[in-house]
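Dear colleague,

Please find below the structure that I am passing on to you. My notes on its side-chain pairings follow it.

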Amino acid sequence: RRPPPPGASGDVIYELQNCANCHGPAREGTRRGPPLSALAAHWTRELLVEYLADPRALVKREARLAELDRAWSTDMGPYDNLSHDQRFVLAGWLLSN
């Protein structure tokens, strides 16, 4: 993961954080991670920002996420290298497409 430059857009943050390694370059999903399309059906921006900050904590609290975590056997770590504002930008971008 590389730090994004100040004012980076969501797609740039996605690229620099290597999200495509697990979720695909077009967020289509891979064998390593679920697709990231239609997230707005189950996520709010604030909840996604919280998840990006500490995925394990939210998975423990949310049964729906625990089920997805088991199905995908994910081991997504926290994006603690991003500021809250950068996670907010990334979450907005993920939800908008």
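**Salt bridges, cysteines and one glutamine**

Asp-69 is buried, at a relative accessible area of 15%. Please bear in mind that the model is a predicted one. The side chain of Asp-69 forms a salt bridge with that of Arg-56, with an N to O distance of 3.1 Å. This pair joins distant parts of the chain, since Asp-69 lies in helix 5 (residues 63-72) and Arg-56 in helix 4, 13 residues apart. Arg-56 itself is partly exposed, with a relative accessible area of 29%.

The count of salt bridges is 3. Another one pairs Arg-61 with Glu-50, whose closest N and O atoms are 2.6 Å apart. Here helix 4 (residues 55-61), which holds Arg-61, is linked to helix 3 (residues 45-53), which holds Glu-50. Arg-61 is exposed at 53%, whereas Glu-50 is partly exposed at 32%.

Glu-67 and Arg-70 also meet in a salt bridge, at 3.2 Å from N to O. Both residues belong to helix 5 and are 3 residues apart, which means that about one helical turn separates them. Glu-67 is partly exposed at 48%, and Arg-70 is exposed at 57%.

As to the cysteines, the model contains 0 disulfides. The sulfur of Cys-19 is too far from its closest cysteine sulfur, in Cys-22, for a bond, because the distance is 8.6 Å. Cys-19 is buried at 7%, while Cys-22 is partly exposed at 24%.

Finally, Gln-86 lies in helix 6 (residues 84-96) and is buried at 18%. Beyond its neighbours within four places in sequence, Gln-86 contacts Pro-4, Ile-13 and Asn-81.

With kind regards

Definitions and conventions. Residues are numbered from 1 along each chain as its sequence is written. This is a predicted model: local features need pLDDT of at least 70, side-chain atom pairs count only at pLDDT 80 or more; totals for chains, interfaces and linings use all residues. Side-chain values use heavy atoms; hydrogens and water are left out. A disulfide is a pair of cysteine sulfur atoms within 2.5 Å. Buried means under 20% relative accessible area, exposed over 50%, partly exposed in between (1.4 Å probe, protein chains only). Helices (H or I, at least four residues) and strands (E, at least two) are DSSP runs, numbered from the N terminus. Contact means heavy atoms within 4.5 Å. A salt bridge is a side-chain nitrogen of Lys or Arg within 4 Å of a carboxyl oxygen of Asp or Glu.
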